[in-house]
Amino acid sequence: MSRRMLATVATVATLGALFAVGCNKSEAASTTQGAPSSGASGASGASAAPAGQKKVAVVAGEDGFAPSEIKLAKGEAATLVFKRTSDKTCATAVDFPELKVKKDLPLNQEVAIDIPTGEARTLGFQCGMGMYKSKVVIQ
Ligand SMILES: [Cu+2]
């Protein structure tokens with residue numbers, strides 16, 4: 001009896017392992033197949049910014065914004081593309097006090113903010129409550 005149960009457990013475990021491998025394989029295959037279309041949709045989603053404009057991705061995660069300091073060349077048009085990747089963060093919005101720009105950051109959605117780079121200066125940005133302080137250095 002107990003031996004049979006062990007055998008059953010072993011069989012289930014083996015099937016589970018096989019299933020898991022099958023899952024991983026199909027997942028990898030679908031990721032490969034989906035790559036061109038997801039790349040295309042990403043491109044169209046980012047098309048809010050003019051083509052050829054420098055784009056810098058900024059992730060709003062559990063520890064705030066990353067990178068927390070972004071360097072931009074003076075005179076080079078740039079767009080910061082924010083993406084919040086966690087619900088466990090207070091960075092559900094980004095605020096540029098000097099620019100008077102404040103935007104909500106919906107989870108996993110890219111939010112583009114154009115940065116004026118006409119003059120060399122440092123622009124601070126932070127979460128909605130001013131806890132995560134970061135900056136853009138234009139020089
Ligand atoms: Cu905050």
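Q: What makes Asn 108 partly exposed?
A: Buried means under 20% relative accessible area, exposed means over 50%, and partly exposed lies in between, with a 1.4 Å probe and protein chains only. Asn 108 has a relative accessible area of 47%, so it counts as partly exposed. This is a predicted model, in which local features need pLDDT of at least 70, side-chain atom pairs count only at pLDDT 80 or more, and totals for chains, interfaces and linings use all residues. Residues are numbered from 1 along each chain as its sequence is written, and side-chain values use heavy atoms, with hydrogens and water left out.

Q: Why is Lys 100 called exposed?
A: Its relative accessibility is 75%, and exposed means over 50%, so Lys 100 counts as exposed. Lys 100 is placed in the loop between β5 and β6 (101–104).

Q: What is the peptide bond from Ala 66 to Pro 67, cis or trans?
A: Omega is near -5°, and the bond is cis. Most peptide bonds are trans. Pro 67 is situated in the loop between β2 and β3.

Q: What makes β8 and β9 a pair of strands?
A: Two strands pair if DSSP finds at least two bridges between them. Six bridges join β8 to β9, which run antiparallel, and Gln 126 stands opposite Lys 133 in β9. The two strands form a hairpin with five residues between them, where Gly 130 in the turn has a positive phi of about 75°.

Q: How do you know that β3 and β9 pair, and in which sense?
A: They pair over four bridges, in the parallel sense, and the criterion is at least two bridges. Within this pairing, Lys 71 has Val 137 in β9 as its bridge partner.

Q: Why is the pair of Phe 65 and Phe 82 called edge-to-face?
A: Rings of Phe, Tyr and Trp (its six-membered ring) pair if their centres lie within 6.5 Å; planes under 30 degrees apart count as stacked, over 60 as edge-to-face and the rest as tilted. A search of the whole structure finds five aromatic pairs. In one of them, Phe 65 and Phe 82 are 5.8 Å apart centre to centre with 80° between the planes, and the pair is edge-to-face. Phe 65 lies in strand β2 (residues 64–66) and Phe 82 in strand β4, so the pair ties together parts 17 residues apart in sequence.

Q: What makes Phe 82 and Phe 96 an edge-to-face pair?
A: Their centres are 6.1 Å apart and their planes make 80°, which meets both criteria. Phe 82 is in strand β4 and Phe 96 in strand β5, so this pair links parts that are 14 residues apart in sequence. Phe 65, Phe 82, Phe 96 and Phe 125 form one aromatic cluster.

Q: What makes a set of residues a nonpolar core, and which residues have the most contacts inside the largest?
A: A nonpolar core is a set of buried Ala, Val, Leu, Ile, Met, Phe, Trp, Tyr and Cys residues joined through side-chain atoms within 4.5 Å. The largest has 24 residues, and those with the most contacts inside it are Phe 65, Leu 80, Phe 82, Phe 96, Ile 115, Phe 125 and Val 136.

Q: How do you know that Cys 90 and Cys 127 coordinate the copper ion?
A: Donors are N, O and S atoms within 2.8 Å of the metal (3.2 Å for Na, K and Ca); water is not among the atoms, so sites may look incomplete. Cys 90 (SG) and Cys 127 (SG) coordinate the copper ion at 1.8 to 2.1 Å. Cys 90 lies in the loop between β4 and β5 and Cys 127 in strand β8, so the pair ties together parts 37 residues apart in sequence. Cys 127 is buried, with a relative accessible area of 0%.

Q: Why is Thr 89 called buried?
A: Its relative accessibility is 9%, and buried means under 20%, so Thr 89 counts as buried. Thr 89 is found in the loop between β4 (78–84) and β5 (93–96).
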